[in-house]
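This report describes selected parts of one protein model and the ligands placed in it. Please keep the sequence and the structure in view while reading.

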Amino acid sequence: MSNSIKKILITGGLGFIGSNFVRYFINKYPDCQIINLDKITYAGNPDNLLDIQDNPNYQFVKGDITDAKTVNPLFEQGLDAVVNFAAETHVDRSIDDASQFIMTDVYGTYVLLEAARKFGVKRFVQISTDEVYGEAVAVPCKEADTLMPKSPYAASKAGADRLVYSYYTTYNLPAVITRCSNNFGAYQYPEKLISLLITNLLEDKPLPIYGDGKNKRDWIYVTDHCRALDMVLHADNIEGEVFNVGSQCEYDNLSIAKTILDLLGKPHDLITFVGDRAGHVKRHAVNTDKIKNELGWTPETDFQTGMQKTINWYKENTKWWRKIKTCEYMEYYRTHYNLK
Ligand code: NAD
Ligand code: DAU
């Protein structure tokens with residue numbers, strides 16, 4: 001695979017991880033042509049790739065992955081690889097209404113798989129998630145563990161994850177699946193914990209913490225995730241495989257809030273306990289021995305460094321998040337949290 005990716009389709013490239021990946025990829029492989037297919041939902045933001053938009057090797061297509069009439073012509077041009085980031089991604093929104101999650105995350109993946117089967121690709125990378133395992137009860141989850149997703153979001157992603165695998169076993173589609181833990185970094189929509197806490201604090205607003213704040217997540221800096229995906233995209237003889245990606249950097253939500261408060265020099269009484277998330281997973285954690293041993297990947301950015309970089313980015317890019325936090329997002333925020 002190493003040098004054979006000349007044209008790649010990236011879906012959901014205007015979202016948080018997708019835009020970080022497009023930027024990473026175009027810098028590392030300046031001769032590769034990138035097509036970014038994104039519907040521009042509330043989470044898709046053209047501002048995320050303003051610096052890339054005029055690059056002659058970058059093409060943006062506004063469209064929906066559930067629409068075969070949009071998807072098929074892109075594959076017809078001849079693609080070497082696909083990385084499918086496009087998804088509805090927020091657990092809380094999936095609890096409010098699962099329909100769009102099933103449409104995009106499951107059916108949209110099916111539309112892409114059918115196009116890949118019909119027109120052929122050398123590699124199809126499905127961005128799954130560690131949420132598909134459900135609770136990491138005693139030890140971090142391994143790739144062969146049972147999938148027990150607990151939210152409609154996680155169940156939709158698990159459906160897509162196994163659908164991709166079935167296209168490998170049934171049609172020999174050269175697909176690979178990754179299951180990463182919680183990402184943080186620049187360009188994250190401020191509905192997710194770390195970006196929400198940082199941007200709230202920059203406005204001296206309370207920090208909403210669900211339940212008792214003891215739920216744990218494994219936090220990975222987004223660029224480390226991009227590096228892992230680059231390896232998965234280019235490695236030979238891994239078709240049909242699943243790779244966990246994570247940092248072994250587990251913190252509970254209260255510790256995350258306190259870290260950010262301390263780094264910004266704000267008082268801890270801004271922490272505000274709010275009602276718990278339904279079906280709230282106590283602990284997500286993944287074992288990453290496989291990607292380390294088989295592909296030689298390890299995370300490079302430790303949590304403190306990543307957090308400081310992230311805080312600096314939100315401090316320096318207030319225009320980016322204020323634009324979001326004065327639009328429809330605030331309607332969601334007020335209804336969801338009952339906070340000002
Ligand atoms: P995000 O919500 O920031 O971005 C999602 C993007 O997908 C947006 O640009 C949106 O416009 C686009 N999109 C949504 N529906 C679409 C459709 N029907 N057609 C085309 N585009 C559509 O998401 P993110 O946090 O960057 O996550 C990206 C992927 O990584 C998702 O598949 C998610 O499940 C997975 N993932 C995320 C994390 C995390 O911590 N954020 C961790 C592991 C896996
Ligand atoms: O594990 C990977 C997953 O990480 C991805 O697949 C999802 O797309 C991504 O959204 C993320 O899911 P989480 O539900 O873990 O992320 P979120 O930032 O929403 O929540 C992280 C933790 O913080 C979780 O325990 C819930 C808690 N939380 C979240 C919010 C938004 C709060 O306590 N308060 C909040 O306001």
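## The surroundings of ligand 1

A backbone N or O atom of threonine 41 lies 3.0 Å from an oxygen atom of ligand 1. The structure is a predicted model, and the distances reported here were computed from it. Phenylalanine 16 also takes part through its backbone, where a polar atom is 3.0 Å from an oxygen atom of ligand 1. Tyrosine 153, by contrast, uses its side chain: an N or O atom there is 2.6 Å from an oxygen atom of the ligand. How much of the area that ligand 1 exposes when taken alone is buried by the protein? Of 840 Å², the protein buries 97%.

Which elements give two or more residues to the shell around ligand 1? They are helix H1 (16–28), strand S5 (123–129), helix H5 (152–171) and strand S7 (182–184). Strand S5 gives the most, with three residues. There are 28 residues around ligand 1, and those that come nearest are Ile17, Asp38, Thr89, Tyr153 and Lys157. Sorted by class, the shell holds 12 nonpolar, 12 polar and four charged residues.

## The surroundings of ligand 2

Ligand 2 is surrounded by 23 residues, of which Asp130, Tyr153, Arg277, His280 and Tyr337 are the closest. For tyrosine 337, the distance from a polar side-chain atom is 2.6 Å, and for asparagine 182 it is 2.8 Å. On its own, ligand 2 has 690 Å² of accessible area, and the protein covers 95% of it.

Helix H6 and strand S8 each supply at least two residues of the shell around ligand 2. The largest share, three residues, comes from S8. By class, this shell has nine nonpolar, eight polar and six charged residues.

## Helix H8 and its packing

Helix H8 covers residues 253–264, which makes 12 residues. From its first C-alpha to its last it reaches 17 Å, close to the 16 Å expected at 1.5 Å a residue. At the start of the helix, a side-chain oxygen of aspartate 252 comes within 3.2 Å of the backbone nitrogen of leucine 254. Just after the helix, glycine 265 takes a positive phi of about 65 degrees.

Which residues of H8 are buried? They are Asn253, Leu254, Ile256, Ala257, Thr259, Ile260, Leu261 and Leu264. The buried residues of H8 pack against helices H6 (193–202) and H10 (303–316), and against strands S8 (207–210), S9 (216–221), S11 (250–252) and S12 (271–274).

## A glycine in helix H10

Glycine 306 is found in helix H10. Because its relative accessibility is 0%, this glycine counts as buried. Leaving aside neighbours within four places in sequence, glycine 306 is in contact with Phe184, Tyr221 and Thr301. Between glycine 306 and phenylalanine 273 there are 33 residues of separation in sequence and 26 Å in space, C-alpha to C-alpha.

## Loop residues around helix H6

The loop between S7 and H6 contains tyrosine 187 and glutamine 188. Tyrosine 187 has a positive phi of about 70 degrees although it is not a glycine. Is tyrosine 187 buried or exposed? Its relative accessibility is 16%, so tyrosine 187 counts as buried. Glutamine 188 also counts as buried, because its relative accessibility is 7%. A polar atom of the glutamine 188 side chain lies 3.4 Å from the backbone oxygen of asparagine 183. Beyond neighbours within four places in sequence, glutamine 188 is in contact with Phe16, Asn183, Ser195, Tyr314 and Trp320.

Aspartate 204 lies in the loop between H6 and S8. Its phi is near 55 degrees, a positive value in a residue other than glycine. At 48% relative accessibility, aspartate 204 counts as partly exposed.

Definitions and conventions. Residues numbered from 1 in each chain as written. Chains lettered and ligands numbered in written order. Predicted model: local features only at pLDDT ≥ 70, side-chain atom pairs only at ≥ 80, totals over all residues. Heavy atoms only, no water. Helix = DSSP H or I, 4+ residues; strand = E, 2+ residues; numbered from the N terminus. Expected span 1.5 Å × (residues − 1). Buried < 20%, exposed > 50% of the residue type's maximum accessible area, 1.4 Å probe, protein only. Contact = heavy atoms within 4.5 Å. Polar contact = N/O pair within 3.5 Å; in protein donor to acceptor, adjacent residues only side chain to side chain. Near = heavy atom within 4 Å. Areas by Shrake-Rupley, 256 points an atom, 1.4 Å probe, with all protein chains shown as cover. Nonpolar A, V, L, I, M, F, W, Y, C, P; charged D, E, K, R; others polar.
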